[in-house]
Amino acid sequence: MQNCPVISICIPANGRIDYVRNTLKSIYSDDKYLETSLNDFEVILSDNNPSRELECLSAEFPYKNFYYFNTQCEGFLNSYHVLTYGRGQFLKLHNSQEVFQKGSLLSMIEFIKSIEISKPCVFFTSGFLNYGELMNYTQFDDFMSNLSYWSSWSNGFGMWKEDFDDIKENVEMNSLFPHTSLFLTQYAKKVFVINDKPLFKTQFVKKRGGHNKFQAFSIEYPSLIQASYDSEQISLKTKNKIFNDILYNYLPLLYFNVKVVKRETFSSEGFKQNIKVYFPKGSYWIVSGLSLVIPIKVIWRKIKINYLIKSK
């Protein structure tokens, strides 16, 4: 495709205008982006709220590479539809509350340019894996083992447009994890790359909620991992590692945020029963017990990201 951007930053959104505005500011107010051309990237904002609350941002960010769309779809399926508007060589899904760190946009553009010939499967983890660097793999199984449950993170997802166009009509998408459904189709790539550089910073959303996140990570996401194992795309060892990481790390933190300190309002309806589907007996009590100590691990991870990794 001639004259197409290197990268499309595709932002699905519904309300939370102040957070979306901050994310856009982090892109367009970064002095280092001036070192590259506006032609190298585009920003796509897909608003699936009928009220079109976010449309006013088009006037606030009157750049030739910023595009607003009002999309008629339900919930998380917006994460698929926003990608369909992108014209870039690489389609980067981007959470509306994730702001770019200074210099991250230029770093990302240069990274995509450096791999545009080989076109590997790429995932961004923003320092959460505690490596702070690029990691290359030749096997999807090794790639997934190291990503673990972070493969569910919508902000980490990206796909080459030509790959997206090839499969977008033939993927049965999970309604909560459409991006993961797309991502797991890329198992046959020859090269896989995790970019663990700390490129983004999450804005804290007060009383965040809106769906049953406990069901999402006890039923929906595990079902996608189970399907990958059943299709022999990942090994039993990798499947078990991902499930164990969900059980011993992700779910205790979610439980802590929702049940202990009540900083989030996600529904937990049916959790005691749902966790029995993919996880061993007694898992509910493991999650609730670990929720009391998991904050220590999170604090240490943030210290590593903010001080140890960034100092590399």
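Start by selecting Asp-18, which is partly exposed at a relative accessible area of 48%. Here buried means under 20% relative accessible area, exposed means over 50%, and partly exposed lies in between, with a 1.4 Å probe and protein chains only. You are looking at a predicted model, in which local features need pLDDT of at least 70 and side-chain atom pairs count only at pLDDT 80 or more, while totals for chains, interfaces and linings use all residues. Residues are numbered from 1 along each chain as its sequence is written, and side-chain values use heavy atoms, with hydrogens and water left out.

**Stop 1: helix 1**

The term salt bridge stands for a side-chain nitrogen of Lys or Arg within 4 Å of a carboxyl oxygen of Asp or Glu. By this rule the model has nine salt bridges. Asp-18 and Arg-21 are three residues apart in helix 1 (residues 17-28), so about one helical turn separates them. Helices (H or I, at least four residues) and strands (E, at least two) are DSSP runs, numbered from the N terminus. Is Arg-21 buried or exposed? With 18% relative accessibility, Arg-21 counts as buried.

**Stop 2**

Next, pick Glu-55 and Arg-52. They form a salt bridge whose closest N and O atoms are 2.9 Å apart. Glu-55 is partly exposed at 35%, and Arg-52 is partly exposed at 37%.

Then move to Lys-161 and Asp-165, another salt bridge, with the closest N and O atoms 3.5 Å apart. Both residues sit in helix 6 (residues 161-167), four residues apart, or about one turn of the helix. Lys-161 counts as buried at 12% relative accessibility, whereas Asp-165 counts as partly exposed at 33%. Now bring Glu-60 into view along with the pair from the opening stop: salt bridges that share partners join Asp-18, Arg-21 and Glu-60 into one network.

**Stop 3: a loop residue with positive phi**

Select Lys-119, in the loop between helix 4 (104-114) and strand 6 (121-124). What is phi here? Phi of Lys-119 is near 45 degrees, a positive value in a residue other than glycine. Lys-119 counts as buried, at 17% relative accessibility.

**Stop 4: helix 9 and what follows**

Show helix 9 (236-260) and helix 10 (271-278) together with the loop between them. The two helix axes come within 12 Å and cross at roughly 165 degrees; axes are lines fitted to C-alpha atoms, for helices over the stretch in contact, and angles run from 0 to 180 degrees between N-to-C directions. That angle makes helix 9 roughly antiparallel to helix 10, a label for angles over 145 degrees.

Within helix 9, click on Asn-240. Asn-240 is partly exposed at 33%.

In the loop between helix 9 and helix 10, find Lys-262. Its phi is near 55 degrees, again positive in a residue other than glycine. Lys-262 counts as partly exposed at 48% relative accessibility.

Finish at Val-261, in that loop too, and partly exposed with a relative accessible area of 40%. Which residues make a nonpolar surface patch of about 460 Å²? Select Val-260, Val-261, Leu-292, Val-293 and Ile-296 to see it.

Methods
Patches are made of residues with over 30% relative accessible area and no salt bridge: like charges are joined within 9 Å, nonpolar side chains (Val, Leu, Ile, Met, Phe, Trp, Tyr) within 5 Å. Accessible areas come from the Shrake-Rupley method with a 1.4 Å probe; for residues, only the protein chains shown count as cover. Angles under 35 degrees count as roughly parallel, over 145 as roughly antiparallel, 65 to 115 as roughly perpendicular and the rest as oblique.
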